[in-house]
Amino acid sequence: MNKSGTDIQFAICGSAGDGTIASGDIVKRAAAAVGFHVIAFDVYPPEIRGFGKCISRIRVSAEQAYSLKEKTDVFISLNDSHAIPHVGEVRDFGAVIYDDRSIAPIREGAHITAHIRPAQIPYGLPIRQISEQATNAARSRNIVVLGYMAGLLKLPSRPFREVIAAKFATKPQAVIDANIRAFDAGLEAGRKVFRLDDVDVGTVPDHGGSEAVMMTGNGAIVRGFLEAGIQSYFGYPITPATSIMERLAVEMPKQGGKFLQTEDEISAIAATIGAGFAGSRAATATSGPGLALMTEMLGLGVMAEVPSVVVVSQRGGPSTGLPTKTEQSDLNLAVFGGSGDAQRIVIAPTNVEGCYRCAGMAFEIAETYQTPVIVLIDLYLSNRYETVFPSHENTFAPKPRKVPELAEGEPYKRFAFTESHISPRALPGDAGMVHTVTGLEHNELGRPGDGDHMRMNAKRHEKLISATRYPGLTVAKRFGDAGKVDVGILGWGSTFGEILEAMFEAQDAGISCSAMKAVMLSPLPVDELRAFFDDCRTVLVPELNYEGQFANLVSGALGRPVVRLNRTVATPMPVADILAEVKRLAAEADSPERIPATAGVGS
Amino acid sequence: MNKRVEPVYLEDKLQEIRADGHLKYRSKSLPTWCPGCGYFSMADGLTVALNRLGLDNRNVVTVSGIGCASRFPFFVNTYGFHTLHGRVLPVATGIKIGNDALTVIAVGGDGDAFAIGGGHIPHAARRNVDMTYLVFDNGIYGLTKGQTSPTSALGFKTSSTPYENGDAPLNPMMMLLSYGASWVGQAYAGKPHHLTDMITAAIAHKGFSFLRILSPCVTFDKTDNTYKNLSMMVRDLPDGHDGTDMMAAMALAMQDGHPALGVFFQAERPTLAEVMQTSIDRAQQASAT
Ligand SMILES: Cc1ncc(C[n+]2csc(CCOP(=O)(O)OP(=O)(O)O)c2C)c(N)n1
Ligand code: SF4
Ligand SMILES: [Mg+2]
């Protein structure tokens, strides 16, 4: 993002049970309520119980940020042993807030103060003691630190109080009061110390009256589905997609929708396709292992030309892999998975707003092209929070259906060859158009037979080409410097946020640089991609997988070389890594004798 | 012995068959099954049943998996979905949820049902999806040319069990009863009139109805489930069988060596659509208050 106005990153680190995530939640909601843009990502331990490490990172800014920052401005430790390895992420002159009254004797070096660098500013306070004094319990430590931070930064305290009250709204009044007391006690302590004026809160941006909604990627998917009038949902729990089904289980019945937890992912996609055949707006959501099970059915959806919507949130793989860590290694499966030539539509939003738009439009696209549409995201996008300023007119609602028209005595051809390669679709219940669809190759009537295989294959592929120009859908977009540049960064999915941040930094460093995001991964928007390649001296493709699945896809389709940057580090792509690679490539572009780009896997 | 049987001429029957009206449920495609295959009785049985029930063909969907049995949708004049091997039930469930006004009839063979698709049956049954599942059980894989199936008898020699089948066969009737199917019945392709009555009753039932239809594969089974053997083995339901008595139904199901023909068990309980409607009502009440 551009460097003007507010841009503060908070991080709260504690162990499960400390209320770390809850306190981060209050920060982001309070910031959004005031009108700031927020992007946030929580890290949880994989175990449900126990004392694993939790970190909540929240970036609050005047303009939309695209990823978290490398360096945190204000860091709060609720548990020193978990926090110590992360103190290094605090920037120079950033604040480290910690408990300075330990209740147990501490080993040499085990206290956080031993790890705070001279340039960082330590803020110790008796967190536990303040909590106990305010509420008779140590449980509100996570709220005390919020008050302290608000005092330290001179943040308005009203939004915090409101969000705290709302968060505990279902609890007895005494609980709300205790938490407000804890906040106020922290606030008082914070106001007493000298102000941390190196962190500037700045002014609240103007959004023209539109109200911020704080959403995760999964929440945005749900909102898009609901606005599109989703009628049936079938799903099987799997991290990181589960919260989509849980939210739909609550919300769909309110608008008359049918929700079913199926016995596995095969039945989830089978029922989605069945419902789609019956004319219902149907969807399912899963992660890589579930998508692997679904591929045979996706082929049926392609062959029988039945619409369906599948959200896939990737996690580390292969196999059960890294269930709670992000990765972008299911692109091949999403684009190619299954038997035969089974071209389908794959769209991969790059931010939370994009999740909302892609999910909202997916049904109409699936219905238009009569084929499965995969919305491909990942854990980082599923779980990260961003503020979205949604428009108020609902553009995703279904348009009236056109029933195919038949001339007198003419047989209904479900798979008629047409100019657009799309055949008018009748639904069960329509009179005079009774037909059977099949996963066997068939003729225009849908009767099994191999005679038309070549033409039918062409039909199924060609009909999708126009999807790359689907009205209202961004299939690819270029950012940064226009015209010829030294380095182009091409990305997809959640990683594009880090790519943009790296691009801005590279531009600041005087490098001629632009970035392109590809949202439609199948069919590929080749015209846009080719134009980008034509303008870039080198194209860098950073992605969170080992070999470069998107790099392979693009360089295969365009016949152009790319430079790969691959990381499988179980976290989002480090901006510094992208920047370093951009600088290296820019230096090569400068040197009279160009060194050939290393095309190998991540260095 | 020398009593003369009056011959029946097709021309005379034709008028009767046409007038009856069930032919409008036959598709223009002729069945591709081998001559003598038991499955012909099913095509006849279903079309007559639909005619009897007076269902409009545009509101009926026949769904199937893959196999000889699963070719069925092409031979009846209803909406049809010929899906994947083993996946007929989840697709059919989706269709019913997608449009509750449709009459959904799922069809498949024994391999489709109890081998590759075996994991789906308990769930369709326990959810009581309002549809009919017709399993054409020939104890063999017909379409792939004669391998053993989960209902093949011990000792059966097939191309995949050249030294005799040693895997104990499943008992589909006991399975479906214990899965909670709300209508469980058995019929035999060699008794087409009874079969037709059973298909009619199965479709008329509100909830998940399971009808196992014993049927010979005349091409790949010359020794076990032949017309001759099956005709000797099958028997009528015992007099006074109480179709609401689960214990009696289970006892009957256990005697699979002498398969009884008829309705083993029948119960009334909420269908999936009704359960979903309850959720919708509760959600809407909760958000209204
Ligand atoms: C995933 C998959 N595996 C295997 C097959 C091959 N296959 C087709 S039908 C069939 C078995 C058919 O037997 P059954 O279900 O008893 O039906 P029948 O032909 O006897 O009516 C098999 C193994 C397939 N089509 N798909
Ligand atoms: S192979 Fe067997 S089951 Fe298949 S059509 Fe022929 S006789 Fe019937
Ligand atoms: Mg069989």
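This is a predicted model: local features need pLDDT of at least 70, side-chain atom pairs count only at pLDDT 80 or more; totals for chains, interfaces and linings use all residues.
Colleague: Let us start with the metal. Which protein donors does the magnesium ion (ligand 3) have?

Modeller: Chain B provides Asp110(B) through OD, Asn138(B) through OD1 and Ile140(B) through O. These atoms lie 2.1 to 2.2 Å from the magnesium ion (ligand 3).

Colleague: What spacing do the donors of the magnesium ion follow along the chain?

Modeller: The spacing is D-x27-N-x1-I. Asp110(B) and Asn138(B) are 28 residues apart and link distant parts of the chain. Asp110(B) belongs to helix 4 (residues 110–116) of chain B, whereas Asn138(B) sits in the loop between strand 4 (132–137) and strand 5 (140–141) of that chain.

Colleague: Is Asp110(B) buried or exposed? And Asn138(B), buried or exposed?

Modeller: Asp110(B) has a relative accessibility of 1%, so it counts as buried. Asn138(B) is also buried, because its relative accessible area is 3%. The cut-off for buried is under 20% relative accessible area.

Colleague: Now to ligand 1. How many residues surround ligand 1, and which are the closest?

Modeller: There are 18 residues around ligand 1, and the closest are Tyr39(B), Cys68(B), Ala69(B), Asp112(B) and Leu143(B).

Colleague: Why is the site of ligand 1 shared between chains?

Modeller: The site is shared because the residues that surround ligand 1 come from chains A and B.

Colleague: Which polar atoms lie at 2.9 Å from an oxygen atom of ligand 1?

Modeller: A polar backbone atom of Gly142(B) lies at that distance, 2.9 Å, from an oxygen atom of the ligand. A polar backbone atom of Leu143(B) is likewise 2.9 Å from an oxygen atom of ligand 1.

Colleague: How much of the accessible area of ligand 1 does the protein cover?

Modeller: On its own, ligand 1 has 580 Å² of accessible area, and the protein covers 76% of it.

Colleague: Which helix gives the most to the shell around ligand 1?

Modeller: Helix 4 of chain B does, with four residues. Helix 4 and strand 5 of chain B each supply at least two residues of this shell. By residue type, the shell divides into eight nonpolar, seven polar and three charged residues.

Colleague: Changing topic, how many aromatic pairs does the structure hold?

Modeller: Over all chains, the structure holds 20 aromatic pairs. One of them joins Trp492(A) and Phe550(A): their ring centres are 6.4 Å apart and their planes meet at 50°, so the pair is tilted. Trp492(A) lies in the loop between strand 17 (485–491) and helix 15 (496–508) of chain A, and Phe550(A) in helix 17 (residues 549–558), 58 residues apart. Trp492(A) is buried, with a relative accessible area of 0%, and Phe550(A) counts as buried at 0% relative accessibility.

Colleague: And what about Tyr39(B) and Phe136(B)?

Modeller: They form a tilted aromatic pair, 5.1 Å centre to centre with 50° between the planes. Tyr39(B) in helix 2 (residues 39–53) and Phe136(B) in strand 4 of chain B are 97 residues apart. Tyr39(B) and Phe136(B) are both buried. Ring pairs also link them with Trp33(B), Phe40(B), Phe72(B) and Phe75(B) into a cluster.

Methods: Residues are numbered from 1 along each chain as its sequence is written. Chains are lettered from A and ligands numbered from 1 in the order in which they are written. Side-chain values use heavy atoms; hydrogens and water are left out. Donors are N, O and S atoms within 2.8 Å of the metal (3.2 Å for Na, K and Ca); water is not among the atoms, so sites may look incomplete. Buried means under 20% relative accessible area, exposed over 50%, partly exposed in between (1.4 Å probe, protein chains only). A residue is near a molecule or strand if one of its heavy atoms lies within 4 Å of it. A polar contact is a pair of N or O atoms within 3.5 Å; within protein, one must be able to donate a hydrogen and the other to accept it, and residues adjacent in sequence count only if both atoms are side-chain atoms. Accessible areas come from the Shrake-Rupley method with a 1.4 Å probe; for residues, only the protein chains shown count as cover. Ala, Val, Leu, Ile, Met, Phe, Trp, Tyr, Cys and Pro count as nonpolar, Asp, Glu, Lys and Arg as charged, and the others, Gly among them, as polar. Rings of Phe, Tyr and Trp (its six-membered ring) pair if their centres lie within 6.5 Å; planes under 30 degrees apart count as stacked, over 60 as edge-to-face and the rest as tilted.
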